[in-house]
Amino acid sequence: MRFPAFRHLAALTALGLALPLGSALAGDEPAPEDVVGALEKISGVHAGLRRNHAKGTCAVGSFQATEAAKSLSSSQLFSGQAVPVIARFSLAGPNPAVPDTTRNPRALALQFQLPNGELHQMAMLNTPVFGAATVESFYQRQLADIPDPATGKRDPEKLAAYKAKFPDSKGQGDWLASHNPPPSFAETAYHSLNAFKFIDGAKHERWVKWRFEPRDGVHFLSDEELNSLPKDFLVQRITERTRKSPVQWDMVVSLGEPGDPIDNPAVAWPAQRKEVKVGTLTLTRAGNDAVGQCEDINFDPNVLSAGVEPSPDAILAYRSAAYAVSFGKRLDEKAK
Ligand code: HEM
């Protein structure tokens, strides 16, 4: 079944109930149920777990904006008051047993509880570009990753055919092939990838992208570590790291210029764009010390506070629909 892409899905409630409000976009996209269905066929259905980014762990802390942030957006995120945060670190992909040494994106999702009661959310990856420019490309990639029932393995020919047909996958693929995974969730940067609109108090609008820069620095596993580390080490490392002292990232916003694509997360903006540090994220407890804090949140990235709006990126809009399907399934399964 195909469905017309919808845009401007409503913010979800704190419990994550999806209420699609907006009008349809032109275009013909796979139904979110089909995309989630494809993810389920890659490594099976794991009741109660996310259909993508299935392996993850929670953290809690706060966000403190800089003075400079106020001049870019009127969002209460940037009011200057410390904002409580619930976070989730994860590995991309539908397999909850994926080894922590796997060459796939690491991720950080954040839910900010703003002083005026609004929620604001972000869900970011540590790759500087996304692996698809369109929903169709993302869907076709998942289909290509479904194991062949005869061998139980992914068919390399299908994957090669996907890559040849969808060159938009190359940027992220090349980055993952040329950078080993990070030694810790604390030692990597996380990127918004999708563009957003910041609106200031005078209603002036700007297109922005952002990243969270780790104060622990950006590091990569050595080849030796990659081959010798156990399957699971990221939860233990982030637990121990936050027990030692709070772990921090600076949120840095890039200001778009005319012509910078605002509808394609597979393309990075030029590195020379003006950047503004808008705040610092501080996580005080994580992993084994924050179990259960983030599990029942749907980190839909279109849950935004007044002063920040989505871009006309079909992937961004579609994420609300796909996350809601996955969220609905996992809540149902947990209730049984
Ligand atoms: C068409 C494109 C995409 C589809 C269909 C898709 C699908 C999904 C689904 C089904 C989930 C699980 C949601 C849940 O059960 O709560 C998920 C989680 C996630 N996705 Fe995507 N995604 C897409 C694009 C992106 C992009 C562009 C990014 C990064 C900029 C991203 C980052 C994440 C993160 C960080 C999570 C984990 C959130 C958490 O920890 O709860 N996704 N995605």
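The model is predicted: local features need pLDDT of at least 70, side-chain atom pairs count only at pLDDT 80 or more, and totals for chains, interfaces and linings use all residues. Numbering starts from 1 along each chain as its sequence is written.

**Helix α1.** Select residues 32-43, helix α1. Helices (H or I, at least four residues) and strands (E, at least two) are DSSP runs, numbered from the N terminus. Pro32, Val35, Val36, Ala38 and Leu39 are buried here (20 or more other C-beta atoms within 10 Å of the residue's own, with C-beta atoms placed from the backbone). Look down the axis: the buried residues of α1 fall within an arc of 150 degrees, so they line one face of the helix. The arc is taken from the directions from the helix axis to the C-beta atoms. Just after α1, stop at Gly44, with its positive phi of about 90 degrees.

**The core.** Next, select Val85, Ala87, Ala107, Leu108, Ala109, Met124 and Phe212. They have the most contacts inside the largest nonpolar core, which has 74 residues (buried Ala, Val, Leu, Ile, Met, Phe, Trp, Tyr and Cys joined through C-beta atoms within 7 Å). α8 gives the most to this core, eleven residues.

**The ligand.** Finish at the ligand, surrounded by 30 residues (C-beta atom, placed from the backbone, within 6 Å). Asn52, His53, Arg88, Ala107 and Ser326 are the closest. α8 supplies the largest share of this shell, eight residues.

Notes
Buried ≥ 20, exposed ≤ 12 C-beta atoms within 10 Å, placed from the backbone.
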